[in-house]
Every structure is written in structure tokens, then in C-alpha cells.
Protein chains: 2
Amino acid sequence: MVVDVELSDAAVDRLFRALADATRRDIVRRTLAGGASVSELATAYDMSWAAVQKHVAVLEGAELVTKEARGRERIVRGIPQQIQRAQALLDSYEQIWRGRVQRLDALFAEEDN
Amino acid sequence: MVVDVELSDAAVDRLFRALADATRRDIVRRTLAGGASVSELATAYDMSWAAVQKHVAVLEGAELVTKEARGRERIVRGIPQQIQRAQALLDSYEQIWRGRVQRLDALFAEEDN
DNA sequence: ATAACATGCAACCAAATGGTTGTAGATGTT
DNA sequence: AACATCTACAACCATTTGGTTGCATGTTAT
């Protein structure tokens, strides 16, 4: 299973940034396990509805989640491929460590645009 | 190879946050490939020395990097175990997606304190 | 001893983040 | 039609972030 879609620096920034918040990680977990409406999610956290909605928007921007309209609800679903891309990035760091990367610039290129 | 050191929510926040910046990811790459002094690193980027020093401090706080004093220099080295912990976290998300986690609370507990 | 170099840290600044409340538009229910 | 529910978004606010410059300290070389 190859997950090799090139991500821009900015996209990688957004990806890790989105994961750098416990509430957002929790939303990712729940929506990977199964879709949930924004208001369903909102009931789970001790903050305003708008705050949860913002977190979902951040996750959308990082492409960790999609929203699908169903009636008046928006069903939020986690995108496993994006998790896999994050894994692929971390893998490349591990490979550097293991000395498996001869040309370091090859790796740099991987992340450019 | 088991990498299962429990990380607090705050530690995970710091870990992903530290990775959410292209300059810092670059520093991690370089220092995983081999140690480098702070000033060596600083010459590589188009920003002040102090800015680079701050980035290194953020990486230290996330335990992605250590500094070892050698004379007047501080040799910065990447910590591969911390990359592996990030991988382990992402793995757990993938497993949720694959439906391998029956009790979701078991995973929550994993990240709590 | 003096000069040069590597580092650490404080003070400052603009922009982004994470939260709030309030208003408004769609959709569903009675 | 009237009402309730789900969502979107703007305006506002305190804090954090990512950068700067300037100054102080420790180490190496002349």
C-alpha cells in the first residue's frame, strides 16, 4: 500500500499543527471510528459549539477530515490516507536516522511543493 | 522493537507542534543524519541566529532533540525514539480506522497522563 | 590579556491561535 | 406557518508563536 502524494511544506505544517491539539486528536479518533455530526461532536467537549466547529474547520484545512451534508447535518469523517501520509513523513525521518538516505537533497525534494 | 512510553496530552501537543514548522523539521532531519552545532544550523537558514536557537529550544522541549556541550559549542542531535513515539501514536489512529480497537476508551487512556 | 566566537536570554512586535458571544441562514417538525 | 435544530460566520479578546535586536556570559585562539 503506497501512500505517496507529495505535500507542500505548508500542507505538512497544517497537518502536524492540526494534530497538535488534544481536542482535535480526539475528533480525529472519533470520526475515524465512524462519522459524526458537528453537533454530536460538540456535546462531547467542554467548550462552546463554535469552538468545536472551529476545530473541525482546522481539521478540514489539514485534510484530516471531510464534511458531508446530510439534511441539515454535516457528517464529519476522518481521512485515513492523511494519517498515512503523516506516517510516511515520519518514516522518512527514521530512514535518515538509519542512514538509508544517501542523498539528503532527495528527501528535501520530496517535501518541496 | 517496542516504543511504548506514555506521553501526556501536553507532551503530544508539543511533539506535533514542534513538527509543524518546516525549519524545525529540517533541523530534525539534519540532526538525525548527524550532530550539528547550533551555529552550524544557523548558517543554513535565512533568519537570525536567535530565531534558530529558539527553534532548537522548541525541539528540545518536545524531546525531539538533545544538546550536548562540547567546548563552547552545543552539539544538537535528533532523538529517533521520539519520532518512533509519534509513529506509534499515528499507528493507533490507523488501527481505530481499521476497526481493530474495540474499546475506544482503552486508546483514550493510552494518552492520558 | 585581548579579541573573536558560540551561546543564552530578555524585551519587544506583528500575526496566528483558541476561545467567547451574537447574528443569521437552512432544514426538519408540528 | 411557526418553531426548533444544525450549521456558518463575524467580531472580539487573551495568549502564544515566530521573528527581531541587544546584551551578557563562557570558551578558544593570538
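Reply: A salt bridge is taken here as a side-chain nitrogen of Lys or Arg within 4 Å of a carboxyl oxygen of Asp or Glu. In this predicted model, B:Arg25 and A:Asp13 form such a pair, with 2.8 Å between the closest N and O atoms. The count of salt bridges between chain B and chain A is 2. Polar contacts across the interface of chain B and chain A amount to 11 residue pairs, with both residues at pLDDT 80 or more.

On the side of chain B that touches chain A, the elements giving two or more residues are α1 (9–19), α2 (22–33), α5 (80–97) and α6 (104–111) of chain B. The largest share of that side, 11 residues, is supplied by α5(B). Sorted by class, the side of chain B that touches chain A holds 18 nonpolar, 2 polar and 11 charged residues.

As to extent, chain B and chain A each bring 31 residues to the contact. About 3,100 Å² is buried between chain B and chain A, and carbon and sulfur atoms give 65% of this area.

In soluble globular proteins, nonpolar side chains tend to be buried together. Here the largest nonpolar core has 58 residues, and those with the most contacts inside it are A:Phe16, A:Leu64, A:Leu90, B:Phe16, B:Leu64 and B:Leu90. Setting aside neighbours within four places in sequence, A:Leu90 is in contact with A:Phe16 of its own chain, and with B:Leu19, B:Ile83, B:Ala86, B:Gln87 and B:Leu90 of chain B.

Notes
Residues are numbered from 1 along each chain as its sequence is written. Chains are lettered from A and ligands numbered from 1 in the order in which they are written. This is a predicted model: local features need pLDDT of at least 70, side-chain atom pairs count only at pLDDT 80 or more; totals for chains, interfaces and linings use all residues. Side-chain values use heavy atoms; hydrogens and water are left out. Contact means heavy atoms within 4.5 Å. Buried area is the accessible area (1.4 Å probe) that two parts lose on being put together, summed over both. A polar contact is a pair of N or O atoms within 3.5 Å; within protein, one must be able to donate a hydrogen and the other to accept it, and residues adjacent in sequence count only if both atoms are side-chain atoms. Helices (H or I, at least four residues) and strands (E, at least two) are DSSP runs, numbered from the N terminus. Ala, Val, Leu, Ile, Met, Phe, Trp, Tyr, Cys and Pro count as nonpolar, Asp, Glu, Lys and Arg as charged, and the others, Gly among them, as polar. A nonpolar core is a set of buried Ala, Val, Leu, Ile, Met, Phe, Trp, Tyr and Cys residues joined through side-chain atoms within 4.5 Å. Buried means under 20% relative accessible area, exposed over 50%, partly exposed in between (1.4 Å probe, protein chains only).
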